[in-house]
Amino acid sequence: MKILVIEDEKELASDIVHYLSGENYRCETASDFATAKEKVSLYQYDCILLDLMLPGGDGFDILEHLRSQNKQDGVIIISAKDTLEDKIKGLNIGADDYLAKPFHHSELAARIHSVIRRKQFDPSNLIIQNEIKIDLLSKTVQIEGNPILLTKKEYDLLLFFIGNKNRVLSKSALAEHLSGDVADMFDSHDFVYAHVKNLKKKLNEQGYAGYLKTIYGTGYKWEI
Amino acid sequence: MTKLLDKPFKAFTIYALIILLVSIPIYFLVVDWIWVTEIDDHHEMTMERIENRFKEAHLSGHDLEAILNSWNMLQPSSSIMPITENIARPDSIYEVTKYNEYELESDRFRGLQTVIEIDKKPYLLNIETNVEEAYETIFAIGLVTILLYGLLVFGFIQLNRRISKSAWKPFDNTLTKLKSFDLSLSKGVEFDETDIEEFTELNQAITRLIAENVNAYNQQKAFVANASHELQTPIALLKSKLDILFQDEKLSARQSELVNAIQIPLARLTRVNKNLLLLARIDNSKFSDSSEIDFLEKIEKSEELLQDYISERKLTYKKEITGIANVTCSLFLAETLVNNLLSNAIRHSPVSGEIIVRIGENEIAFLNSGVERLKEETLFKRFSISTTETTNSGLGLAIVKEICKQNGWEINYDFLDHFHIFSVRFSKF
């Protein structure tokens, strides 16, 4: 899988590359408008992470250029501009997702995972990981053919974990994923414990709680 | 408080009263003097005429005696008496008060006594005229003066009214404009032209002052916006680096705890910065989109997002719907308003407390249980933190207030039956 990180802040770009490197991803970076435009014209990527404010130009222009060439690369806009207008504009031009800075890398990884999955034109819309089978259309989960009933939040958490396998996920990252923007209005995110505990219990009923590890004092990890 | 125009009016009135009171004795003295002088002149003239006529008549001693007798009997105001000695007596003028048998009262008389010569014999001529009484003169003058004073005051009042209506009009205009001036709208004030120099100067001075203030306010706003904008990248980097550090397998439990502890102030920094940017954007009226918003729907959406936090604090949550609150406004601002008010209610409720959301006709209210009334003056101000809670950015309610102001809505706080009540009343457009 090829990913292009278009981001002028080199430190941030290298962190993204670092975080994603464990996955089955090959990352390239572009830190200015010209390089970015050249790369998207020449090559094809599974997912492009696009910053809007670039030296030499506007990120929206790259997106327009890409879509005018009929290229179907997945695009996630990562921008400090988080107004509704920018989001709507980005999605209208053809971005697949919009993530406002600052974000947790885990959130970005989950979004990339989701975008790539959608772009693969898999008619069954299934995520299969060892014994676990997730049907994205009907939002149902089966383990070795046995359906398990998850609440919406538990289901979201499961997808988030799978999109960030082998990564330590902090409680605040999980809370932000579940509650979105409002999460940072609160100090305590203890409710995350309850959801994870329930998810773990349900997996355990099928004998597969082993993937989900609690890292003491830090967070959780989906280990494969 | 006295009105500006009443001050000179009062002074003028008192001054006029003093002058008019002083004028009464002066008038009297002048009138009396003219009066007396005139009478004395008249006496002098009469005396000369009598003397000359007797001289020209060349009367015999017997005739003279008969004439003098009848003169003294018939003439009411003069008498001619023979005197024996021919002593050169000077003319004398006197004033006497005596009983007037015709008017049945004492009257003042002015008299002239002189010696005239008729037929080489001296006679004492006495002429007397009734003069107006002093108190009568004073009374008449006083009466006229008081009448005039009344006219004067009446005139002052009328003039005062007319002047205040016309001459002070530009001042009133200026005052009305200043009262409605709002610095946060960043718009200067334009005054009407006036032909009065003082008001023109006043308007110029105020215009300059306001322009400077608006300028300073804009600079301050731009500064906050720029500062928070510039902080975005370092904050994003900090968050990114912490995420990377978090993945380090060699991290000890103690170090992990520290990393976790850093997340908390970082989250607060993120929120404060985000809110400052948001405030700056609302200030600059950047949210011009508008659509019909069903606030019940927005509240339900917000409630779903915040459900975990409600149950975490074991809060009782209920909605009371008595009307429809559908308003045309910016979608983002409507969501922000509801999220801020609901999360505010959750944060400030004690554990196991209660939250009631009321949706009425063109009105929404968020109630949460509390102990005592909050300080209203500072409640909606920026960074006026009422609790020690660290996630409180101190900007949540300031944003709510700003959103209400932009849309012309009314936000109110009340404390009733151990409930904090924040209510928003939408104006009808």
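Which residue takes a positive phi in the hairpin of β13(A) and β14(A)? The residue is G217(A), with phi near 75°, in a hairpin that has three residues between the strands.

## Before you start

This is a predicted model, in which local features need pLDDT of at least 70 and side-chain atom pairs count only at pLDDT 80 or more, while totals for chains, interfaces and linings use all residues. Residues are numbered from 1 along each chain as its sequence is written, chains are lettered from A and ligands numbered from 1 in the order in which they are written, and side-chain values use heavy atoms, with hydrogens and water left out.

## Chain A

Chain A has eight helices and 14 strands. Here helices (H or I, at least four residues) and strands (E, at least two) are DSSP runs, numbered from the N terminus. Of the 224 residues in chain A, 53% are buried; buried means under 20% relative accessible area, exposed over 50%, and partly exposed in between, with a 1.4 Å probe and protein chains only. Among the contacts in chain A with a separation of 6 or more, 59% come from residues 24 or more positions apart, a contact being heavy atoms within 4.5 Å.

Two strands pair if DSSP finds at least two bridges between them. Within this pairing, I215(A) stands opposite G219(A) in β14(A).

## Backbone spots to look at

Most residues other than glycine have a negative phi, and most peptide bonds are trans. With that in mind, go to the peptide bond from K101(A) to P102(A): this bond is cis, with omega near -5°. P102(A) lies in the loop between β7 (97-100) and α5 (105-119) of chain A.

N130(A) is not a glycine, yet has a positive phi of about 45°. You will find N130(A) in the loop between β8 (126-129) and β9 (132-135) of chain A. In chain B, D417(B) is also not a glycine and has a positive phi of about 50°. D417(B) lies in the loop between β10 (410-416) and β11 of chain B, and D417(B) counts as exposed because its relative accessible area is 67%.

## Chain B

Chain B contains ten helices and eleven strands. Of its 429 residues, 39% count as buried. Among contacts in chain B between residues at least 6 apart in sequence, 67% join residues at least 24 apart.

Is H420(B) buried or exposed? H420(B) has 6% relative accessibility, so it counts as buried. H420(B) is part of strand β11 (residues 419-425) of chain B. Leaving aside residues up to four places away in sequence, H420(B) touches a set of residues including F366(B), L367(B), V371(B), L374(B) and F415(B). The side chain of H420(B) also makes a polar contact with the side chain of Y413(B) at 2.8 Å. A polar contact is a pair of N or O atoms within 3.5 Å; within protein, one must be able to donate a hydrogen and the other to accept it, and residues adjacent in sequence count only if both atoms are side-chain atoms.

D6(B) and I157(B) are 151 residues apart in sequence and 9.4 Å apart in space, C-alpha to C-alpha.

## Where the chains meet

In the contact between the chains, 42 residues of chain B touch 42 residues of chain A. Together the two chains bury about 3800 Å², 54% of it on carbon and sulfur atoms; buried area is the accessible area (1.4 Å probe) that two parts lose on being put together, summed over both. Q247(B), D308(B) and Y309(B) supply 16% of the area that chain B buries against chain A, more than any other three residues.

How many salt bridges are there between chain B and chain A? The count is four, a salt bridge being a side-chain nitrogen of Lys or Arg within 4 Å of a carboxyl oxygen of Asp or Glu. K241(B) and E11(A) meet through their side chains in a salt bridge (2.4 Å, N to O). Between chain B and chain A, 14 residue pairs are in polar contact, both at pLDDT 80 or more. On the side of chain B that touches chain A, α5(B) gives the most, with twelve residues.
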